[in-house]
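Please examine the sequence and the model shown below. The paragraphs that follow treat local backbone features and a metal site in turn.

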Amino acid sequence: MPGPASVSRIIDLDPFVLPLAGLLPAASLDDLADARDLLAGTHLDYETATLNLAVQSHLLRIGGRTILIDTCIGEDKPRPRRADWHERRQTGYLARLAAAGCRPEDIDMVMCTHLHADHVGWNTRLDNGRWVPTFPKARYLIGHTELAFWTEAAARPAEHPLNHGSFADSVLPVIEAGAAEMVDDGAEVISGVTIAPLPGHTPGHIGLEVTSPGQPSLVFSGDALHSPAQVFQPGWSSAFCADPVMAAETRRGLLERAAETDTVLIPAHLRGEGMRISRMGSRFRPRFCGCDGR
Ligand SMILES: [Zn+2]
């Protein structure tokens, strides 16, 4: 068993504000009336019907290893179809990583829950006009199924660059540099840290499950859920889910397991550290907590 795990959030963009019905097409504020005490303000603006999310990485230190989970939007990336992601500069992300005690060369592994543009951006940085891995000593863990899906998609003619161009500028350069390592569901990355299948948002979406002595289990759950509003309404999949029905099944299963095992869920876009899940009949409620479960 590894030693205790510690987790730091490295913010890239916060708040990341999206219309409730834009992200979750099935959503209505009426169905979140009993959630107001937990969601209002930090997670959901009930007056404007907008969700407040964060775009952030999670820095996991465990067993002497340092793993960066999801790499946000990044800098200098041309994203003409999203003004707030387009050619960003001086975001302070690497300074915040440094403030957490970590230089780029200290990262042992980068883990991408999936290959959407807001999860791979800092995989690479611009160096003399070329995209190079930002974390020079890291192995980049990418799900086998996920990479196969996007590789096939990239081969088809398309009106717009794949995933806002992020497959070309933030995924392929890592593979070409020999830094990528394909992982399968259930793979143990290091002792106590396992790849968990969470398909639906994308076909090969994965999470990272961490078990360490004396601590609750942690699941870095990526975009299996975007907002704690979906704890109250697990059936609401996002407009960006490849398979909304499968995404809802995955989400419900994740919530059931978390409630049964008192696991701390750490969703990629959660404003805050983590949440435990309480079950009340057929419904769920979040209990926001630190990544250590307290
Ligand atoms: Zn996302």
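In which loop does His164 lie? His164 is found in the loop between α5 (144-154) and α6 (166-176), where helices (H or I, at least four residues) and strands (E, at least two) are DSSP runs numbered from the N terminus. This is a predicted model, in which local features need pLDDT of at least 70 and side-chain atom pairs count only at pLDDT 80 or more, while totals for chains, interfaces and linings use all residues. Residues are numbered from 1 along each chain as its sequence is written, and side-chain values use heavy atoms, with hydrogens and water left out.

The backbone of His164 has a phi near 65°, a positive value in a residue other than glycine. With a relative accessible area of 25%, His164 is partly exposed; buried means under 20% relative accessible area, exposed over 50%, and partly exposed in between (1.4 Å probe, protein chains only). Cys72 likewise has a positive phi near 65°. Its place is the loop between β4 (65-69) and α3 (93-99), and at a relative accessible area of 0% Cys72 is buried. Most residues other than glycine have a negative phi, and most peptide bonds are trans. A cis peptide bond, with omega about 0°, joins Asp14 and Pro15, and Pro15 belongs to strand β1 (residues 6-19).

Strands β6 (residues 124-127) and β7 (residues 130-133) pair in the antiparallel sense over 4 bridges, pairing being assigned if DSSP finds at least two bridges between two strands. Opposite Thr124 stands Pro133 in β7. The hairpin has 2 residues between the strands, and Asn128 takes a positive phi near 50° there.

The metal site remains. Asp118 (OD), His119 (NE2), Asp223 (OD) and His269 (NE2) coordinate the zinc ion at 2.1 to 2.3 Å. Donors are N, O and S atoms within 2.8 Å of the metal (3.2 Å for Na, K and Ca); water is not among the atoms, so sites may look incomplete. Along the chain the donors follow the spacing D-H-x103-D-x45-H. His119 lies in helix α4 (residues 117-120) and His269 in the loop between β14 (264-267) and β15 (274-280), so the pair ties together parts that are 150 residues apart in sequence. His119 is buried at a relative accessible area of 1%, and His269 is buried at 3%.

The angles among the 4 donor atoms are 85 to 165°, and the site is irregular. Four donors count as tetrahedral if all angles lie between 85 and 135 degrees; four count as square planar and six as octahedral if opposite donors are over 155 degrees apart and all others between 65 and 115; anything else is irregular.
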